[in-house]
Amino acid sequence: MQVAIATCFTALLLLLPSGCTSPPAGPLLDELYARFNPERPGFGVVDYPGNQEADVPKAYARILIAEVDRKRNGYRPDLPDLSRVAGRWLLDHADEDADGVKGWGVPVAWDAYGDGSVNPANSVYTISTAIAVDALLNWMELDPEAPGEEILATVTASLLPFTAPEMRSPSGMIPYSVVESDRKYDTFNPAAYMAGQMQRFSRITPNVEFAKVLASTADETVEVLLKQKLVNPKTGSWYWHYSIQESIANDLPHASYIIDGLIKYETYGGRRSADIDLKATLSHLREFDDSKRDYVRAWPWLQEGIDRSARSYDIGMAMSLACSNADTVDLGPIFERYIPRFRDGSKGYLKYPVGDETADPLIVNEYEAYLYQGVIACDLARSRGDTKVTAVTPPNDANVLLDKPVLLSAEVPFVSFAPDDQSGATRVKTTPGDPSSFMMVKSGTAEISFDPGEIPIATDALGDGKVVFVRHIGQNTLTIEYRDAEGRRVDRRQVVHAAGRSEPMFRAATTYGNRLYLVYYDNFSVRNFATAYELNAGRLVQVMNPVELPSLEDPAGGTYEMIPAIFLLPRKNGIEIVGGVLSAQLHADGTLESTRINDCVRAIEAVSTPDGPAVLCHRLSRGDNVSRYFISAPRSLTLPSISPNAVPFHLEYDHGELSVQHARTPADFAAMFTFDLERIQQNGWMEFGVGNVEARIPWSQIYYLNGFLDLLKLSKEDGQMRNAFEHLVPKIRERLDLEVYWLGQHWKRGNYQTRAFTVDRSPALFAVQTSRLLLLLDRYLKELDAPTAISADTFQDLREAVHCLRDHIDVLAYGGELPHWMAGDRANLRWPKGSKFKFDGLAVPFNHQNEWAYSVIRTGTVQKCSQAPKAAQDIITHFVDHIAPSGILPNSGIWNYWWGTAYDGWTKDEGISVNYPEYTGDKSRAWISFKTIDTMSLLGSIDALPVSVRGNVLASAAHLIQLGRLYPFAAYELQRRGYKVNLDRDVALDYSRVSSPWELQNAVWAYRALLSEQ
């Protein structure tokens, strides 16, 4: 189902009046919050006979739902969290009448039907119990600190009475209450709401037989609802009378209960879900809007003979429902505008609007709790509704891009060695028909050839010849060669660090005087090192022991020291080293002096000046009309101005002056793109040809290859991108084909295993990494014309290996966690106890298993492992349940990295893990890259999700992408479905420069956003 996204309130393309407004969020929320006693928020005047003060379970439940939602979205953290108080009250008062039957009701004796049968105070009512269950399950699933096992036991006990065969109304529905005299009425609203929660809990309880009974009870109730539904002949909406015994339509809150119940039933996979027209069901809410009279009706306009204002209770329930569903979120402001009419002089909220003919001075705590939940739901929806999304024509996957492959017989695109004299840059060519042979070429000089499978990644003049750094395809070994003036090999030595525990990764090199300086990265120690060599009788001699560099302070953390670009600049008696936020001097004797560049996220470019380095930095701080970039340079220099409305690039120092160019036009962006690619990691080679020993393929190469695919895609679908990059398409395609060819060879030769993440550095395949490769190659085969660089057999072998987890360290398991975390039979990926990953015996984090699920769902069924698609759907559903209820990702863009036992922690006595016998738990928040994987997995699997959540997934993902709370390239999955997210300008500027290979994919989407403004 294609759901459009976008508007003045919602992120869905619902064409609303341009003037849709609602009261500002702050005053309503603050006033309502202040109405609750923080120690007893559900206590107050009740709307039952006598209007006494009492604790009302539904009030506590509504506050709990609201507070859990507020907390998970990071909304108004200045207000103390009431969720634990509200939840604790519900758990502690689940059997208030002490009759042994758990459940919740109302605190006063009440004759619900006016038939003379008065139920005792605290009798168990279906609607009160269902709402309390809803709140407790939200708390359990969305807050890992909730008392999950206690909630599970309490909910089990409270639902059990409703599964008894005698607990049925005459039509077979769940009854109004557990009291026998109430069972003779067939009341739709409590039955529907309870059916939704029963279906939900049937997927949670570890008791298989109980799950079957819960689902069956829910099915029977929904079957009655389907038989008894009425259809408004004017609108096609579905609605119900209050009961079978009555012929009056439901008022607003009770109609909302039915709608909510049916949505939950469908969301959690009820057997009759396909028979429910959710759009028709939800559209009934519109029949309470009487905007022409500036009025919200208590009963729908189709109900003749009743024309009365909605109560505050009605408004609150309708708001929480409307603002949580994509098809009705535009009703939120309409309902919300009505709230001030209920405000009395003391800033409490009355039962009826002030001055209404039915008005009385009653202020009901429960109704204010409903309003509070509604206001929070709509405040959160309003912030998502600012998302700017444009509908575009969704392409077909097959042959979207009609650019033809280019024969591999020319220069390797985007590889360039800076000139060491006036004769121009050195380029690299492949041998026609042999993509394993490479040679360096330069105008006016002889070609320099290399052994098969070796690529020259850097070169510089030294003595009468030159040094060349050589990387070995698939092996990752780094070698330095010295070539004489004729290009003949004179000397050759391998770069080794710490007895060869890992292969050093080339970071930067330069010659100065008679020395060669080298900075490399060692993955075993997770650090960068500098060293130096001198030429002695034609031989390279290491003259400096490796010097460990201080941290470059990449925002992702200390394990990402290989990411920031490093610049080596000549300096008297040594060199300057610039990288990340580090500016250091390495002296000839091996001593190091370092400082930090203030207000810098990372150094983008650096050039040498007589008084020290000049650095173009990505600015950390933010301000109005201030560029996202700045130049840090010696005070002796006059700095060129940087426009806040353009992207600076190509910093130069010449004749005592600094200058910088700006990207504004399509031609500028193309020039900047080429400039960045040819100067970043290893002179534009990036990760070309590397094996996966240190996991650089999935965590760097696949990012930028997807970036190439994105650029090709957008160059076909976006006019401004076509203007900028169309002339580069052949070069991009050639580079893409060459890299994909070697990825296929790596897979065939077993070079995709990594040693980077095992405790003994033994090789292993990780599902998150192979899944990323499968997704990339699937795109390559589907989106390009004549995708010849990868064979069908290689792709199918990879596809089978991923689906079946063949030879992987991860295994597909069912259960394995406490039931409040996950139902006993739900699929998940795990690292088996005794395996060589650090956290053996644990379930993998969200992003690991989500990426696997994404790749399985996108690439169809493999016959040998036909269970994989269902397992993948389980995994995505698990993520939705814990992170994105109703398909709504947290507005804050913040969620947990891990879940289950890995989150909770374990002791040695529990025997969970061999490699990590005890642990306090990983309660960290997911880094933006992991959240982007989670979100793209969710978007890519959207057709496997319930219809009721799909619009919310699209809207909330678009919101997070626009604001930069996810990486911009997550927009690819929205683009596939026909939606264009318009990044905020500052977000686009932040991601517009490429200083490390993986950043290319984000830059492509930043280009599109900035060019779209022209």
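Three disulfides are found in a search of the whole structure, a disulfide being a pair of cysteine sulfur atoms within 2.5 Å. The model is a predicted one, in which local features need pLDDT of at least 70 and side-chain atom pairs count only at pLDDT 80 or more, whereas totals for chains, interfaces and linings use all residues. Residues are numbered from 1 along each chain as its sequence is written, and side-chain values use heavy atoms, with hydrogens and water left out.

Since C323 lies in the loop between helix 10 and helix 11 (331-336) and C378 in helix 12, the pair ties together parts that are 55 residues apart in sequence; helices here are DSSP runs of H or I with at least four residues, strands are runs of E with at least two, and both are numbered from the N terminus. C323 counts as buried at 3% relative accessibility, and C378 is buried at a relative accessible area of 0%, where buried means under 20% relative accessible area, exposed over 50% and partly exposed in between, for a 1.4 Å probe and protein chains only.

The sulfur atoms of C600 and C617 lie 2.3 Å apart in another disulfide, and this one is left-handed, because the torsion about its S-S bond is about -90 degrees. The pair links distant parts of the chain, with C600 in strand 23 and C617 in strand 24 (residues 614-619), 17 residues apart. C600 is buried at 6% relative accessibility, as is C617 at 0%.

In the disulfide of C804 and C865, the sulfur atoms are 1.7 Å apart, and a torsion of about 120 degrees about the S-S bond makes the disulfide right-handed. C804 belongs to helix 18 (residues 792-804) and C865 to the loop between helix 19 and helix 20 (868-883), so the pair ties together parts that are 61 residues apart in sequence. C804 counts as partly exposed at 26% relative accessibility, whereas C865 is buried at 7%.

Turning to the spaces, the search of the whole structure finds nine cavities of 30 Å³ or more. On a 1 Å grid over the protein atoms alone, a cavity is a set of points where a 1.4 Å probe fits but cannot get out, a pocket is an open set with protein on both sides within 12 Å along at least five of seven lines, and lining residues have an atom within 4 Å of a point.

The largest cavity has a volume of about 550 Å³. Of the 36 residues that line the largest cavity, I65, N138, K264, S324 and S886 are the closest to its centre. Helix 2 supplies the largest share of this lining, six residues.

The second largest cavity holds about 230 Å³ of space. Among the 19 residues of its lining, the closest to the centre are N706, R772, L775, Y854 and M936, and helix 17 gives the largest share of the lining, five residues.

The second largest pocket has a volume of about 1100 Å³. It is lined by 37 residues, of which A418, A509, L568, R679 and N683 are the closest to its centre.

How values were computed. Points joined across faces, edges and corners; volume = space filled by probe spheres on them.
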